Number of protein chains: 2
Amino acid sequence: MGVVLPIQDRPADSEASLTDLVGLVAGGMERVNAMILSRTGSDVTMIPEVANHLIASGGKRLRPILTLATAQLCGYDANRDGDVKLAASVEFMHTATLLHDDVVDESDMRRGRVAARIKWGNQASVLVGDFLLGQAFKMMVEVGSLRALDILSSAAAVIAEGEVMQLTAAKNIETREDEYLAVIRAKTAELFAAACEVGPVLAGRPDAEVAACRDYGMNLGIAFQLIDDALDYGGTSASLGKNVGDDFREGKITLPVVLSVRRGSEEERAFWRRCLERGEIDEAAGDLETARATMRRHRALEDTIARAHHYGDLARRSLDIFPASPMRDALLQAVEFSIARAH
Amino acid sequence: MGVVLPIQDRPADSEASLTDLVGLVAGGMERVNAMILSRTGSDVTMIPEVANHLIASGGKRLRPILTLATAQLCGYDANRDGDVKLAASVEFMHTATLLHDDVVDESDMRRGRVAARIKWGNQASVLVGDFLLGQAFKMMVEVGSLRALDILSSAAAVIAEGEVMQLTAAKNIETREDEYLAVIRAKTAELFAAACEVGPVLAGRPDAEVAACRDYGMNLGIAFQLIDDALDYGGTSASLGKNVGDDFREGKITLPVVLSVRRGSEEERAFWRRCLERGEIDEAAGDLETARATMRRHRALEDTIARAHHYGDLARRSLDIFPASPMRDALLQAVEFSIARAH
């Protein structure tokens with residue numbers, strides 16, 4: 001039961017898809033998948049079990065795709081394997097984050113499957129996440145680019161910082177929009193940015209192109225997270241890969257909440273305070289439905305999606321410095337696709 | 001109430017101390033401590049709070065000391081700061097491991113203080129650990145030695161692998177001595193080995209010296225962990241920095257247990273199975289005392305300590321290729337000290 005919102009003066013982005021992008025990096029992604037499989041190997045059988053539970057569950061692998069795509073956009077030699085190794089590293093960093101997030105959020109579901117922590121315990125999630133981080137850094141070191149290492153290790157620190165920031169902001173309905181944005185920049189968009197930045201770095205391109213690819217990833221990542229946050233209140237479990245309303249149950253303060261609180265009555269604020277700060281949620285009594293109705297009343301989801309469009313525009317524009325090419329078109333389409341998920 | 005064991009034909013190692021080693025690296029450690037302080041800084045106030053709770057609680061900082069010491073032993077230029085940054089990285093990796101371990105072990109105490117996870121929650125422990133790992137890699141990248149990066153990132157993966165191995169072996173009293181050794185090699189000794197290996201690498205020394213320093217660290221680390229495991233049943237809280245009997249309560253299968261099980265009667269095995277596999281421990285009924293008495297009967301602590309002496313000997317011998325120097329003497333004494341903790 002998705003919220004279908006008419007957005008005016010926009011391209012018909014519901015037709016956008018990742019097909020072109022996926023097609024252009026198909027060869028590289030085969031090598032990335034083989035690399036991922038070989039690097040989760042361990043004599044300690046629990047490691048490939050836990051890692052593959054998540055990795056094989058078929059996320060879109062958008063982040064490693066972006067590394068291959070920006071490397072290709074910038075003319076990186078397809079016969080070398082630096083892009084493949086960095087793409088696999090990026091996916092490992094992402095998977096490690098998901099494993100640790102599940103422990104932090106006490107989630108039961110992830111990518112449409114039962115969370116690893118439910119099946120193997122919190123301990124396994126923490127430790128296999130650490131193992132994947134270690135393997136990610138090993139692969140980066142093999143590539144031998146200190147600049148790429150700097151970008152990705154900085155991203156690792158920023159992501160963790162963002163997660164702690166979120167922890168601090170959690171359960172505080174007075175969180176401001178700029179605080180929320182700082183959190184999603186760090187915890188989500190930074191990895192998109194780093195994944196895109198290492199492409200031109202590997203290809204030895206000038207700083208302007210490196211900055212352009214980084215901007216593309218950063219803004220795409222922000223748009224992506226905004227849509228995720230809207231979908232949590234307006235989407236379906238199938239489109240999310242997790243339960244609708246999870247953010248609500250976990251007391252996460254996302255933009256739809258921030259906007260609703262800001263625009264709400266004293267009575268509504270008391271509702272948000274009870275549900276999100278004190279965690280006193282009665283779903284049988286319709287609390288999630290009340291939350292969604294309140295958001296509709298304040299156009300909180302529409303405005304969240306409008307902001308996603310804004311960041312999507314920034315992402316698209318940052319690619320202006322590159323000459324037209326099938327890869328540039330595919331990257332532009334990926335922005336539409338990320339936003340169209342909300343329709 | 002430590003177990004005082006007469007070990008024959010051994011130097012009077014109870015007099016050994018870290019004083020010489022600490023003195024020789026005092027200048028460097030001041031810079032390491034300043035580096036640690038500056039790199040735990042973050043606008044997200046929870047990060048320095050959690051990090052410093054553990055870091056400021058005054059562990060011996062043996063691992064970073066070893067990095068400085070081996071760099072100095074190998075003639076690394078004292079005016080450069082590669083050793084200081086790698087030493088701080090090693091301490092961050094260690095601190096991250098402790099934070100994650102506490103979540104995994106559900107510990108209440110660490111380094112004689114309440115564990116961070118009790119004070120700030122499991123979430124903060126997981127995420128601040130991740131932040132410190134990210135900062136560690138950033139510092140390593142700044143040093144710019146790909147070989148040192150390779151050593152430390154490989155160590156990170158091996159350590160996590162060892163922790164998962166321990167998780168798998170946990171609560172299985174049939175664990176063999178070689179399996180136990182594989183666990184402590186990976187989860188403890190690997191970081192000692194890496195901390196010592198990067199010293200000669202930074203100094204650009206030949207492979208034989210790199211291997212010698214690595215061997216020194218590896219064997220010292222094994223000896224160190226064996227003594228820790230013995231102290232858990234025979235030491236005092238003060239000498240351990242955690243509660244005596246913690247391993248017992250957590251169902252950890254350490255060498256004193258492995259030896260006691262192997263040498264024990266069917267009735268004793270039933271006791272270990274009940275306490276360690278099923279976790280049915282009745283301390284009021286004297287289960288911890290029974291465990292200790294059983295170990296005494298089978299000389300399990302003495303033999304654990306005897307094995308520590310064996311690895312200590314290997315550690316000392318690995319330094320034979322270096323000419324005599326105050327630093328070499330200090331490193332030899334550090335081995336004695338690590339073992340003498342059991343006396």
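**Reading the A–B interface and a buried arginine**

Modeller: In this predicted model, chain A and chain B bury about 3,300 Å² between them, and 79% of that area lies on carbon and sulfur atoms.

Colleague: How is the size of an interface usually given, as a general matter?

Modeller: It is often expressed as the accessible area that is lost when the parts come together. Here, beside that area, one can count residues, and 36 residues of chain A are in contact with 36 residues of chain B.

Colleague: Which helix gives the most to the side of chain A that touches chain B?

Modeller: Helices H3 (46-55), H5 (82-105), H7 (122-143) and H8 (146-169) of chain A each supply at least two residues of that side, and H8(A) gives the most, with 14 residues. By class, the side of chain A that touches chain B has 21 nonpolar, 9 polar and 6 charged residues.

Colleague: Is H3(A) mostly covered or mostly uncovered?

Modeller: H3(A) is mostly covered, since 8 of its 10 residues are buried, including Met46(A), Val50(A) and His53(A).

Colleague: What is the nearest side chain of opposite charge to Arg328(A)?

Modeller: Arg328(A), which lies in helix H17 (residues 326-340) of chain A, is buried yet has no salt bridge, and that nearest side chain, Asp329(A), is 4.7 Å away. A salt bridge requires the atoms to be within 4 Å. Leaving aside neighbours within four places in sequence, Arg328(A) is in contact with Leu73(A), Leu319(A), Asp320(A), Phe322(A) and Pro323(A).

Methods: Residues numbered from 1 in each chain as written. Chains lettered and ligands numbered in written order. Predicted model: local features only at pLDDT ≥ 70, side-chain atom pairs only at ≥ 80, totals over all residues. Heavy atoms only, no water. Contact = heavy atoms within 4.5 Å. Buried area = accessible area lost by both parts, 1.4 Å probe. Helix = DSSP H or I, 4+ residues; strand = E, 2+ residues; numbered from the N terminus. Nonpolar A, V, L, I, M, F, W, Y, C, P; charged D, E, K, R; others polar. Buried < 20%, exposed > 50% of the residue type's maximum accessible area, 1.4 Å probe, protein only. Lys, Arg positive; Asp, Glu negative; His and termini not counted.
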